[in-house]
Amino acid sequence: MNVTVNFTVNGRKTTVTTDGDRPLLDVLREDLQLTGTKYGCGEARCGACGVLADGKRIFTCVTPVKEAEGMTLVTIEGLSEGGKLHPVQEAFLAEGAYQCGYCTPGMVIAAVSLLQAKPKPTEAEIVAGMNRNLCRCCGYPKIVKAIERAAAGMGR
Ligand code: FES
Ligand code: FES
């Protein structure tokens, strides 16, 4: 059944009218052309589709768009400010924390969420905090290093 859903995405108030049971991921990618958010598993097991919703990471592949009503969403496209990358994005670049890059948007979103909750995580806390994100290229050591670099650089 079609519903009208209002939310903010990357600072922009947005209204969509669509089947309320469509995955939020499809609406972001297909209707709003925010293709940085990726489809991986489709069943909340890989983290590729992560975005921030009211500051917390959600898996958009299993979130019906109707649940986004009133939410403030930030996708990978919304992390930079004034043309400057987010410190987590800078740290991923500096550490070369990607290979094919497919998992990277979801990894960055998860890392931002992790550092918001725990600004100075230990290595073990980073591993635990990121364990719902999969990287098929197995770039985990550099991803952990990037998150450590971001935590240090964010001056917390
Ligand atoms: S595509 Fe959503 S968690 Fe894998
Ligand atoms: S860099 Fe290829 S899936 Fe992670």
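**Figure 1. The surroundings of Gln89 in a predicted model.** In this predicted model, Gln89 touches Ile76, Leu79, Ser80 and Val108, leaving aside its neighbours within four places in sequence; a contact here means heavy atoms within 4.5 Å. Gln89 belongs to helix 2, residues 87-95. Helices are DSSP runs of H or I with at least four residues, strands are runs of E with at least two, and both are numbered from the N terminus. Is Gln89 buried or exposed? Its relative accessibility is 13%, so Gln89 counts as buried. The classes, found with a 1.4 Å probe and protein chains only, are buried for under 20% relative accessible area, exposed for over 50%, and partly exposed in between. Val112 is 23 residues from Gln89 in sequence, and their C-alpha atoms are 9.3 Å apart in space.

**Figure 2. The loop residue Asn10.** Look for Asn10 in the loop between strand 1 (2-9) and strand 2 (12-19). Its phi is near 50°, a positive value in a residue other than glycine. With 27% relative accessibility, Asn10 counts as partly exposed.

**Figure 3. The loop residue Ala44.** Here we visit the loop between helix 1 (24-31) and strand 3 (50-53), where Ala44 lies. Ala44 is not a glycine, although it has a positive phi of about 60°.

Figure 4. A disulfide is a covalent bond between the sulfur atoms of two cysteines. How many disulfides are there by the rule used here? The rule asks for a pair of cysteine sulfur atoms within 2.5 Å, and the count comes to zero. Cys49 is buried, with a relative accessible area of 3%. Cys135 is buried too, at 7%.

**Figure 5. Stepping back to the whole chain.** Five helices and five strands make up the elements of the protein chain, and from the N terminus on they run β-β-α-β-β-β-α-α-α-α. Of its 156 residues, 44% count as buried. Along its principal axes, the C-alpha trace spans about 45 × 30 × 25 Å. Residues 24 or more positions apart supply 58% of the contacts with a separation of 6 or more.

**Notes for all views.** Residues are numbered from 1 along each chain as its sequence is written, while chains are lettered from A and ligands numbered from 1 in the order in which they are written. Local features need pLDDT of at least 70, side-chain atom pairs count only at pLDDT 80 or more, and totals for chains, interfaces and linings use all residues, while side-chain values use heavy atoms, with hydrogens and water left out.
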